[in-house]
Amino acid sequence: MDDLGDTDQGPASRRGTRLSAGTIAAYAIGLIVFLVFALPFLWMFASSFKSTLNIFADMTPFSIWTLLPRDATLDNFARLWTDKAIGRYLLNTLIIAAAQIVVTLVVCSLAAFALSKFQFRGRSVLFVLVLVSFMIPFQAILIPLFDVVRRLGMTNTYQAVFLPFAASAFAVFILRQAFQEIPVDTIDAARIDGASDLQLFRLVCLPMIKPALATVVLLTFVDAWNSFLWPLIVLNDPSKQVVQIAIANTARPGLTPDFGLIFAGATIATLPALIVFLALQRYFVQGVALTGLKG
Amino acid sequence: VRISKNVTGRPRRGVGRVTPWRSVVLFLTPFLLLFVVFQVWPLAVAVRNSTLDYNLLRPNSATDVGFDNYIRAISDPAFLNSIWVTTVFTVAQVLIGVPAALGLAMLVQRQFRGRYGVRTAAFSPTVTSTVVISVLWLMMFNPTYGLLNSILRFFGLPGFEYTLNESQALPSLVIMSVWQQVGFAMILYLGGLQGIPAVLEEAAAVDGANARQRFWFVTRPLLNRTTLLVVVVMTIFSYQTFTPAFVMTKGGPNGVTDFVVYLIYRVAIIGSDMGYASTLSVILVAFLLGLSFIQFRFLRARWEY
């Protein structure tokens with residue numbers, strides 16, 4: 001990682017496209033950085049198609065076959081499917097992710113619209129309150145949250161996994177930002193045509209903020225797909241378990257690691273979010289850049 | 001109920017009319033309900049439970065013990081160790097991660113073919129679950145069959161024991177964590193860099209500043225706000241680290257990777273001690289809120305002159 005420290009040649013040179021020493025250095029450093037981030041993933045994907053014996057054999061000496069599948073087999077995936085019932089966990093995770101997306105979208109877009117386009121006493125106080133909740137470290141309050149969920153009699157339910165995250169300050173922030181950009185004249189025109197607040201929201205404004213909605217959908221999906229600690233606490237019925245917990249269970253320390261199986265599980269747990277990200281990268285970058293705005 | 005005054009006192013076009021309460025309630029109730037039940041209430045419960053002797057194995061016999069749990073916390077070697085471990089982990093991660101993220105952002109800002117590939121690769125760990133990253137790096141760290149030692153052997157270098165070694169375990173997790181989070185920070189820095197007008201650097205270049213000087217005296221100070229944000233976000237993230245300890249080390253060897261949240265998890269879920277776990281949660285929340293407040297004050301003082 002130390003290689004990254006040498007890249008501060010100054011932003012002014014970014015406009016030069018001639019093949020200067022700086023550009024050559026950028027290529028070299030760029031290649032190293034790319035490998036630092038790509039190699040672990042390549043190794044994981046390739047190894048998921050190998051038997052554990054072949055994985056071990058290909059590690060010494062390090063060669064191109066360490067990172068490429070050889071004698072490819074789907075055996076690891078088959079074992080995940082039959083022995084580890086990964087299909088059940090994938091389905092559970094998809095159900096939870098879909099529910100979380102729907103509830104988050106409805107609840108947060110309504111709130112964001114009110115915080116952006118309504119005039120009422122306490123509006124700015126409320127928005128500041130929502131922003132402050134950004135600062136509450138979520139992992140740190142999981143245990144009291146568990147106590148709340150337990151008292152509500154919701155442990156071991158799907159809704160216990162996603163409802164606590166549905167009132168997302170981050171989603172409200174992104175959506176409010178988008179509503180703010182809708183011109184006042186558009187709102188006026190709709191009002192003059194007799195639109196009610198709900199019609200104004202649903203028929204006029206929501207269609208205008210589709211990119212922001214897409215950003216929220218994607219970030220929520222990745223969040224839900226990757227969530228681990230909270231489901232670990234709130235679900236102990238094995239048939240309701242989510243995919244990340246199943247993956248963590250394949251790699252219990254102390255046991256002799258079954259490399260092939262572990263890599264196949266990690267691959268399955270990674271690909272959906274990674275593919276969504278690679279296909280729709282723009283929205284992610286927008287979402288993260290927006291976090292920067294609040295700072 | 002009729003509200004006739006514009007609350008902000010400022011005349012506004014279009015939306016200037018005060019919205020009827022019926023609409024406000026309709027739009028805000030679902031959010032507020034979830035917000036109060038799942039975010040405000042747990043905070044209150046945490047504070048309440050923190051003064052209780054409250055064990056899930058006998059939930060009906062909770063008794064108020066005042067500040068006993070807090071006194072127990074500040075003299076609990078396990079808790080003090082976990083604070084120390086988590087702090088070292090966080091400081092190391094910020095010290096390495098922040099310059100690395102800035103370097104990455106400046107690299108992918110340059111015009112060269114493949115910079116989008118580099119950006120995408122660096123950001124990929126951010127959309128990968130911490131579980132997968134922990135599992136993957138556990139395999140990478142395997143002394144015999146792991147990728148890291150395999151590459152080191154290829155270059156004729158001696159390998160390491162990584163997570164199995166008492167003095168290498170925490171540094172290993174720092175490296176993994178920087179690898180995971182640096183892409184997110186890079187995107188924040190890219191946003192910051194785009195906000196800097198090119199004329200400033202050009203003016204400095206005309207005045208004879210070299211690339212290093214332009215970076216240090218023009219670009220870097222203008223990025224202070226972004227750096228503040230990156231430091232705060234990284235600090236808060238890394239104090240909440242749980243998964244690497246759970247998946248890779250179980251807090252070991254000998255407690256050197258026993259992060260605070262992993263300790264809280266054990267106290268609550270394995271020990272069923274909800275009272276004491278809540279006390280530790282309250283301390284952690286107060287500590288993090290205080291820390292981000294201080295970081296904001298301290299770092300802000302350096303750019304407001």
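Q: Let's start with one residue: is A:Phe120 buried or exposed?
A: A:Phe120 is buried, with a relative accessible area of 5%. One thing to keep in mind as we go: this is a predicted model.

Q: Okay. Which ring does A:Phe120 pair with, and why is the pair called edge-to-face?
A: The partner is B:Trp21. The ring centres are 6.1 Å apart and the planes sit at 65°, so the pair counts as edge-to-face; the cut-off for that label is over 60 degrees.

Q: Where do those two sit?
A: They're on two chains, so to speak: A:Phe120 is in the loop between α4 and α5 of chain A, while B:Trp21 is in helix α1 of chain B.

Q: And how accessible is B:Trp21?
A: B:Trp21 has 29% relative accessibility, which counts as partly exposed.

Q: Zooming out, how many residues are in contact between chain B and chain A?
A: On the chain B side there are 107, in contact with 113 residues of chain A. The area buried between the two chains is about 10,300 Å², and carbon and sulfur atoms give 74% of that.

Q: Which residues of chain B lose the most area to chain A?
A: B:Phe27, B:Phe38 and B:Arg110 do, and together they make up 8% of what that side buries.

Q: How many salt bridges cross that interface?
A: Zero, by the rule used. The polar contacts tell another story: eleven residue pairs are found across the interface of chain B and chain A.

Q: Which helix gives the largest share of chain B's side?
A: That's helix α1 of chain B, residues 21-49, which supplies 20 residues. Looking at the side of chain B that touches chain A by class, you get 71 nonpolar, 24 polar and twelve charged residues.

Q: New topic. Where is A:Ser116, and what does its side chain hold on to?
A: A:Ser116 is in helix α4 of chain A, residues 86-117. Its side chain is joined to that of A:Gln180 by a polar contact of 2.9 Å.

Q: Why is A:Ser116 called buried?
A: Because its relative accessibility is 7%, and the cut-off for buried is under 20%. Leaving out residues up to four places away in sequence, A:Ser116 touches A:Arg123, A:Arg176, A:Phe179 and A:Gln180.

Q: Last one: which residues have a positive phi without being a glycine?
A: B:Asn254 has a phi of about 55°, and B:Ser272 has one of about 60°. B:Asn254 sits in the loop between α11 and α12 of chain B, and B:Ser272 in the loop between α12 and α13.

Q: Are those two buried or exposed?
A: B:Asn254 is exposed, at 65% relative accessibility. B:Ser272, on the other hand, is buried at 10%.

Terms used: Residues numbered from 1 in each chain as written. Chains lettered and ligands numbered in written order. Predicted model: local features only at pLDDT ≥ 70, side-chain atom pairs only at ≥ 80, totals over all residues. Heavy atoms only, no water. Helix = DSSP H or I, 4+ residues; strand = E, 2+ residues; numbered from the N terminus. Buried < 20%, exposed > 50% of the residue type's maximum accessible area, 1.4 Å probe, protein only. Polar contact = N/O pair within 3.5 Å; in protein donor to acceptor, adjacent residues only side chain to side chain. Contact = heavy atoms within 4.5 Å. Buried area = accessible area lost by both parts, 1.4 Å probe. Salt bridge = Lys/Arg side-chain N within 4 Å of Asp/Glu carboxyl O. Nonpolar A, V, L, I, M, F, W, Y, C, P; charged D, E, K, R; others polar. Phe/Tyr/Trp six-rings, centres within 6.5 Å; stacked < 30°, edge-to-face > 60°.
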